[in-house]
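Dear colleague,

I am handing over the structure below, and my notes on it follow. Please read them beside the coordinates.

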Amino acid sequence: MFLANVFHESGGLKYKEELACATTKCAGHYGPASRKGQQYYGRGYIQLTWKANYEAASKDLYGNSSLVDNPDQVAKDDATAWATAFWFWKKNVHSLPAIKNGQFGASINAINGALECVGGPNEKAKKRMSHYSKIFSIFKCPGSPNTSGCQR
């Protein structure tokens, strides 16, 4: 599940910065800028968004506010991009009952549900599900991939 979401969020491990915001920085889209003008749009292998997530990840991973002060570190430093992806997964996805029951759609709901799971899976969610099914097959996982759980 983790790998399929990372693959989708990063465009196949090509991007660590939200494409729509790479040039514009999406000013105001994810809340107000910091006092230093930092914007908290998606960065990392699982796109970390919103200042509250940068604050929590920074505190949990480094015991400081380094990611709030320099959110570009998540996109520019590969170790930080991975650390925040693992942090987000552990904090927000891994322990959900539906995840423990193998429902891949629940991981989409936890990561991007408001954008991809309202009224059931949209085309972006279906693309994630396709990645999951392919990875499931490549790793020769037993049974069939369960894509349920993407609904709000």
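**Overall fold**

From the N terminus on, the elements of the chain run α-α-α-α-α-α-α-α, where helices (H or I, at least four residues) and strands (E, at least two) are DSSP runs, numbered from the N terminus. The radius of gyration of the chain is 16 Å, close to the 15 Å that the globule rule gives for 152 residues, so the chain is as compact as a globular protein of that length; the radius is taken over C-alpha atoms, and the rule is 2.2 Å times the number of residues to the power 0.38.

This is a predicted model, in which local features need pLDDT of at least 70 and side-chain atom pairs count only at pLDDT 80 or more, while totals for chains, interfaces and linings use all residues. Residues are numbered from 1 along each chain as its sequence is written, and side-chain values use heavy atoms, with hydrogens and water left out.

Along its principal axes the C-alpha trace spans about 50 × 30 × 30 Å. Buried residues (under 20% relative accessible area, with exposed over 50% and partly exposed in between; 1.4 Å probe, protein chains only) make up 41% of the 152 residues. Of the contacts (heavy atoms within 4.5 Å) with a separation of 6 or more, 56% are accounted for by residues 24 or more positions apart.

**Helix H5**

Helix H5, residues 78-92, has 15 residues and reaches 21 Å from its first C-alpha to its last, close to the 21 Å expected at 1.5 Å a residue, the expected span being 1.5 Å times one less than the number of residues. Its buried residues are Thr80, Ala81, Thr84, Ala85, Trp87, Phe88 and Trp89, and what covers them includes helices H1 (2-9), H2 (51-62), H3 (66-69), H4 (73-76) and H7 (104-116). Alanine 83 is also found in H5; leaving aside its neighbours within four places in sequence, alanine 83 is in contact with Leu61 and Tyr62. Alanine 83 and glycine 102, 19 residues apart in sequence, are 24 Å apart in space, C-alpha to C-alpha.

**The loop between H1 and H2**

Most residues other than glycine have a negative phi. Cysteine 26 lies in the loop between H1 and H2 and has a positive phi of about 50° although it is not a glycine; at 16% relative accessibility, cysteine 26 counts as buried.
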